[in-house]
Structure formats: C-alpha cells, structure tokens
Amino acid sequence: MTRQWFESTNAEAAPPARDRRTVARAVAEFLVGHGVERVYGLCGGHVLPIWDEVARLGVGVVDVRNECAAVYMAHAEAELTGRVGVALVTAGPGLTNAVTGIANAAMSRARVLIVSGRVPRPQTGMGGLQEIPQAAVVAPLCRRVEVVSERHHVLPRLDAVFDAALGSDGRPGPAYIDFPTDLLRETLADAECDRAWLGPRRVQRPRPDPDAVAAAVALLREARRPLVIAGRGARRCGTGLVRFLDGTGAVYLDTAESRGVVPPDHPGAVPAVRGRAMREADTVITLDRRLDFQLAYGSRAVFAADARFLRVGRTGDETADNRRGDAELHVDADIALASLLSAGCAPRNLDAGWRERLVAANTERAGKLAMAMREAGPGADGRMHPYTLISALNDVIDSDAVVVADGGDILSFARVALKTPSYLDCGPFGCLGVGVPFATSAALNLPGRPVFALIGDGAFGFSAVELDTAVRTGARAVFVVANNEGWNIERHDQLQNYGGNLVGVELPGCRYDVLATSLGAYGERVVAAAELPGALQRAMERAPSVLDVLVTRDAVSADFTAGLAGVPDRQALRAWDEAEGQRPNPG
Ligand SMILES: Cc1ncc(C[n+]2csc(CCOP(=O)(O)OP(=O)(O)O)c2C)c(N)n1
C-alpha cells in the first residue's frame, strides 16, 4: 500500500475562505499574522471551526494520532527554529492528552502555544460533552492561561498568550487559550477586530544595568579558575560565546539546552570531566541556565564551597533559583557577554595550569571513551553493545544533522557518546516518548537536513503510532530503536537494589520494524553489527524508516552507575547525594 500525505496546506484545494469573519477566522488570521506556518493537532468538534479556518488560510495542519504528540511536535519546532510552536487540541480528553507535552514544554521552557475549544457557553456547568475545568488543569504549567468568552477579547488575549509563550517579557514557556465553540462560530464585527492585533509585537530587549555589569566585571577579574555553564540563552550568542571563552580563558560545559553553540573541539570545552570542573572552579558563570538537578542545585557540597557565581538570565528563574548569584545580570546572555567583554572582564590572574590540567584530563577521558567504544563487545546474550550502534550512527551523522535521543540506558549512552550537532532529548522532565514526534517535527521544519532519532524500545512504544504521522506528512526521519526487550535502566535498578525481583520490566518479542512497515514506513531489523552501515544507508534513502536494532541488556550505563535511576534523597546522583549528606549545615 502506498501512503500519501495530505498535509492540509492544500489551501488551493480547499474551498476559499468565507466572506464572514468569524471568531475562528480571526484566530486563524492572528496565527498567520504571527508567522505560524504549521499547527499540530487532532480534530474534534469543539475546535473544528479553527481547524477549518487555519487550513483555508494555508497553514499546514499536521494531524497526529494523540494530542500529546502534537505538543511534542510544537515543542520541537520551537526549539529548533526559535518560533512559537502551536498545538491545536480539542476540548476535554484532547486537552488532557496534551498535558504531558505541556508539562514537558514547561520544564524545558519551550515556546509553545496551546489552542483549544471548550463547551459552548449556554451549556457551561451543565455536564456538557467533554466539559472539564481545562484552564485549571493547565494553569500550574503555563506562563499564561486565557479563557475567552467575549468577541472583543479574542485578539487581545491571543496577543497576550502568544507573547507569554515567546517570553519577550520574561522566561518563555507554554501558554494556553481556549474558546467556547459557539463563540468561534460568531461573526466578529470590524469594531471588534482592530487589525493592529494581527501582527507580531516588536520584541524589546533590556540593556544591562551599569552597576550590575561593574559588579560582574569585578568578580570576573578576580577569577582564577572560571567555568561557564551554558543554558538555552546561549543559543542567541552564536560566536559571541566563543569570543567570551577565548577572552576570559574560562573552561566550558554545555548542557542539552545549549548543544552545538560551541564546537565540541573548542580548547575550553571539558565535557568529559564535568564533575571535576564543577568541584574545582572558583568562579561559575551560568548563562540562562537553571541550577536544577543536573547542576546539583548549585550546592556548596558539589561546587567548591567558596566558589562565586555570576548568574545571567532574563528572570529570577535563571539567576536565583536554588542559589543567589554573587553577581546577577538580568539580560539576555548575548547582551551580557558583549557588555562584560567590552568592559574588560578578563581575569587578571588566571590559573592557566588548572585549565591545562583540566583540558588534559578531558582529552584522556575522551580517549578512554573512544577506546571503550571501539572495544565494546557483545553482552552475554550475544547482542551488540549500545556503543557499537552509536559508533555506526556517528559515522553517518554530519554537522548538518538533527539528532534526537529518547530512552533510559540508551539516552545515557547517547549523551556520552553520540554526535549531537543539533540535539533534542527527554529533557529535565525525563519525558519518555518524545523521540518519534520530535524527530518528525524536525524533519518537517528543517527539510533537507538529515534527522536521526535513537530511541529505547520502551520509549518508542509511547509514540510509535506517530510513524503514521511521519509517513502521511513525508517527514524523512530515520528512527533507530535500541531494542533490549525491556525497560532496561529500571531492570538494572531492580537487579541491583530490589534483590532481583523483576517486576514489569520485560518487553519481549516486539518487532518494531514490522510495526513500521505496517504503517507504510521502511523497516528493517538489525541483529549483527556488520549489518549496520548498509542498514543505515537504506534507512536514510527510504526514510521515514525504522531500524529495529537488537542491543544487549547487559551494558550498564553511566546514568545507572551514577545512581540517577535510583532517585537518591537529596541530589540526583549518588556521589552528590553523599557529599550533600556530609555537609555540616545542609540547607
Ligand atoms: C513517561 C515516563 N514513564 C516512565 C519513566 C521512567 N523510566 C525512565 S527510564 C525508563 C526505561 C526506559 O526504557 P527504554 O526506553 O527501553 O530504554 P533502555 O533503558 O532500555 O535503554 C523508564 C520506564 C519516564 N521517565 N517517563
């Protein structure tokens, strides 16, 4: 069977827009006016008036199989393009299905707008079809929530939620708006539709306070062992971040939020000795990066007890979460770095030996990893090591590629060893299931760029049916399933910490390649390492495609060894947890 795509961008085929400007039409015009070229969603009567109008206006409608995937796809568009990603979901279960995606976007501060319908006003509170308190469900997760009931509120409230998602006056993140279906069908009079609302706002970017810059410069000049840790704001910096590293002699750690901004071979980059850099730096510069569990909450037990922090970010979320900065700059990272450099922030007395030792240790560790990858043999079950799969993938991932990782152990192996020029993964929400939707969205939004997703077999199951969406929309992504027939990182946890009482961690016998072919994608099972290069070539040529690669369950990942899966009490990693416990006055 040949599957064909009918992305509803076929505005020419659709009946022309109606003369009457309904509220739904105005919503669609607003989205078009704000540069929205594509929405992700699933149809439903409560939201069909908007669904219909966006398609008539030529906006692409990527129709998914579960609303959660729509939000993931909007999230990926936002992350990869900087635009606001829009999900259009119906009332009730449409929205509740979307909630995991909304929470994920909230944790990742992704620019996502969720548009929904709701029960018609005359039926409100009467037990109508699909009626739940939608705004209350999403309120804790969204930067702004608007429940529209009046025609003259439609455009101003859309403007407010769009701007909130964009984060032009604060941190970005998901925003939500809904309309009762009867309102969507009403006509919007000219007086109720000021065209000024239909265009995007001019984004204004604050300048740094000179006193705050002076304090930051003073702190940096005294630094002997400076470390920069970059979050999402670094993406704005381009070469400015490299200039800052070169100008200050700081060592550098990226995070998943800032992957790709600084080339991995930059002389200051020390990703393989992350813990040591955190422990030994005397000055830590966080760029638009929360001190969350991945950064030990900024703890004095993990970072040097007397380390001083310069925190850069637009809001208190990025400059004072868990730990106040000794200096704080409330501006975008690129503006902050340029101001600091031009104010002469270079350290006066850099400990060059420290940097050299750290870089040498990083090189040694990276060498060991390369050797471990080369030598990684099969497990006792005879199946290939995940590193063998990752090595084969690295051979085909070029600097143009977008790479997605999703899973437990396999995500941990990928984080250490997979080439990730542009990168998305489960994020701080640990959100299994993003792999297929993220990669599908990447392929749609960045056509021509190769897209690879490396996904655990467990994680794959959450969104596997979205392969159908990839096929229908012609999203040419390569999905590689690392199939160890289990929820392996949890299985290891049960083996080590629960006396081997294995409960609910087996996923035997699934054929993800056959699943793929049943949905019209190319599918191939790979058992032997020698088959990988050929299979990857075929998968790239015939994408969307699934390689179902059997990997060993005996390989133990760094995340498992570090204790992440076991969820320690005070910190995310066991060593950090123990250090925290030994602090005289933990607080
Ligand atoms: C939605 C969701 N459910 C459950 C978990 C808990 N969890 C974390 S890793 C993991 C196992 C993942 O298995 P798989 O994707 O097959 O990767 P593997 O560990 O086998 O490499 C589970 C269940 C989670 N993070 N997210």
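**View A. The buried residues of helix α6 in a predicted model.** In α6, the residues V154, L155, L158, D159, A160, V161, F162, D163, A164 and A165 are buried, where buried means under 20% relative accessible area, exposed over 50% and partly exposed in between (1.4 Å probe, protein chains only). Because ten of its 13 residues are buried, α6 is largely enclosed by the rest of the structure. The cover over these buried residues includes α1, β4 (112-118), β5 (144-147), β6 (175-180) and α7 (181-185). Helices (H or I, at least four residues) and strands (E, at least two) are DSSP runs, numbered from the N terminus. This is a predicted model, in which local features need pLDDT of at least 70 and side-chain atom pairs count only at pLDDT 80 or more, while totals for chains, interfaces and linings use all residues. Residues are numbered from 1 along each chain as its sequence is written, and side-chain values use heavy atoms, with hydrogens and water left out.

**View B. Helix α6 from end to end.** The end C-alpha atoms of α6 are 18 Å apart, which agrees with the 18 Å its 13 residues should span at 1.5 Å a residue (the expected span is 1.5 Å times one less than the number of residues).

**View C. Where α1 meets α6.** Helix α1 (residues 23-33) and helix α6 (residues 154-166) pack at about 35°, and their axes lie 10 Å apart. Axes are lines fitted to C-alpha atoms, for helices over the stretch in contact, and angles run from 0 to 180 degrees between N-to-C directions. V23, A26, V27 and F30 of α1 make the contact with V154, L155, L158, D159 and F162 of α6; contact means heavy atoms within 4.5 Å.

**View D. The open six-stranded sheet.** The strand order is β13-β12-β14-β15-β17-β16, with parallel pairing; two strands pair if DSSP finds at least two bridges between them. β13 (422-424) and β16 (522-526) stand at the edges with a single partner strand each, so one side of each has no neighbour in the sheet. On average, neighbouring strands are turned by 15° against each other, direction ignored.

View E. β16 pairs with β17 (residues 545-550) in the parallel sense over five bridges, and Y522 has S545 in β17 as its bridge partner. Helix α14 (residues 386-396) packs on the sheet and touches β14 (451-456), β15 (477-483) and β17. Helix α21 (residues 532-541) also packs there, touching β14, β15, β16 and β17, and its direction makes about 170° with that of β16.
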